[in-house]
Amino acid sequence: MNEESMTLKKKIKRHVSKRVNSFFACVLPGFENFTLNELKSLPLTIKDAAITKGGVEFKGYINDCYVTNLLLRSSNRILMRLITFNAFNFKQLSSNIIDFPWELYITKEAIPKIHATTRSSVLYHKGAIADCFLESIEKRLNYNINTLTSFTNSYEQNLFIRVVNNEFMVSIDSSGEMLYKRGIKKCVGNAPIRETIASWILKEAGYNGKVPIIDAMCGSGTFSIEAAMISKNIPAGLFRNFTFMKWPCFNNKDWDDIVNQSKSKIITFNTPEIFASDIDDKMCRLLNDTIKEFSLDDIVNVSCRNFFDLDLCNLTEEKGLIVLNPPYGFRISRQDDLVTKIFEHIQRYFQGWKFAIVLPDEKNISSFIKRKANRSFKLMHGGIKLNVLFGS
């Protein structure tokens, strides 16, 4: 890199770092309060956050974008608001796009992916709006997007355009892959739960990272891994990359400082406190390899055993939390007696333990099961209606 390019890059970083930005944490419906409380607990520069449709809005500097991507456990992605303007025809739209300094956030290796929504506006054709954005960004940056697909260094950059009453709000995705992808699991089980949902369930069940957990029917171990990261205070995004790392305004030194500060707070355990088990030997072996690779084996113990054969005496003397995510396909939705058997087993052998169990939202769930749960929460996951039952 020549001296002129280095000087320009420094100016870009200095310009962006001093500006207060608006951000948006996208969350699942019903998770807004959880994410708001999470945001308030983070070491952010500005404690200005509020719930809005689809998530939580907050203000901060570019470093706060780094922090939220690294530490938030419940958000799906972090958007940064770039610009808001009015446009009543495509000439006005193109002019506003070209005037924006895209070079601060998009390199010539980026392939913009436009996601547009429109309501009550003169310009309503989403495809035409997306084409206008692509053409105008090409003019601003003086490059051809169509030639990038063959480049090894090219990458996708999501842009979200919301048009309401002729007002355009343009946001850029800072996360890349959805944030529930922690960069740890190499495989998924038959009834996978997203890590963001697992984190919420653990919190709602009263898990504070200091009591034992039994993750029976663990599958790929989402609950076990998430609980281990919470207990050890491991940042949710420590083992993955983010799209903002590709931005020209990205400050690598600031990022390294944030990561290193978070790493210094990681806790080491001497004995396992999380007990994962499943009848699938292959899944248990894969999970065991994963926890060793990411140094979670000091707190997670994996065994290939049936839930109904678990011997509590050989696990822990403390009372804690049982989390169960049975395969919620034909086996569960058609056989209410199996779920009843699970609750009877908990009642008989795990007295004093709290529990959280994920079930399909079926009308035929027995009154016995409903009586055992103190409360329930309904959510959509992968197009399936689920009911999370909590109790003790």
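Let me start with a term: a residue is called buried when its relative accessible area is under 20%, exposed when that area is over 50%, and partly exposed in between, with a 1.4 Å probe and protein chains only. By that rule Asp215 counts as buried, because its relative accessibility is 1%.

A word on the source. The model is predicted, so local features need pLDDT of at least 70 and side-chain atom pairs count only at pLDDT 80 or more, while totals for chains, interfaces and linings use all residues. Residues are numbered from 1 along each chain as its sequence is written, and side-chain values use heavy atoms, with hydrogens and water left out.

Now the overall picture. The protein has 392 residues, of which 52% are buried. It contains 12 helices and 14 strands; these are DSSP runs numbered from the N terminus, helices being H or I with at least four residues and strands being E with at least two. As for contacts, meaning heavy atoms within 4.5 Å, I consider those with a separation of 6 or more: 79% of them join residues 24 or more positions apart.

I return to Asp215, which belongs to strand β8, residues 213-216. Which residues does Asp215 touch, not counting those up to four places away in sequence? They are Gly221, Phe223, Ser224, Phe275, Ala276, Ser277 and Val323. Phe307 is 92 residues from Asp215 along the chain, yet their C-alpha atoms are separated by 9.1 Å.

Next, please find helix α3, residues 62-71, where Asn69 is located. This helix is largely enclosed by the rest of the structure, because nine of its 10 residues are buried. Among the buried residues of α3 are Ile62, Asp64, Cys65 and Tyr66. Asn69 is buried as well, with a relative accessible area of 2%.

The side chain of Asn69 makes a polar contact of 2.6 Å with the side chain of Ser175. By polar contact I mean a pair of N or O atoms within 3.5 Å; within protein, one must be able to donate a hydrogen and the other to accept it, and residues adjacent in sequence count only if both atoms are side-chain atoms. The Asn69 side chain also reaches the backbone oxygen of Cys65, at 2.9 Å. Beyond its neighbours within four places in sequence, Asn69 is in contact with several residues, including Ile78, Leu179, Gly237 and Phe244. Asn241 lies 172 residues from Asn69 in sequence, and the C-alpha to C-alpha distance between them is 9.6 Å.

A further asparagine, Asn158, sits in strand β6, residues 155-164. Is Asn158 buried or exposed? Asn158 counts as buried, because its relative accessibility is 14%. Its side chain and that of His115 are joined by a polar contact of 2.8 Å. Leaving out residues up to four places away in sequence, Asn158 touches Arg77, Lys113, His115, Ser171, Ile172 and Asp173.

Finally, I turn to a pair of helices. The axes of α6, residues 195-204, and α7, residues 222-231, come within 9 Å and cross at roughly 65°. Axes here are lines fitted to C-alpha atoms, for helices over the stretch in contact, and angles run from 0 to 180 degrees between N-to-C directions. The contact involves, among others, Ala198 and Leu202 of α6 and Phe223 and Ile230 of α7. Thank you for your attention.
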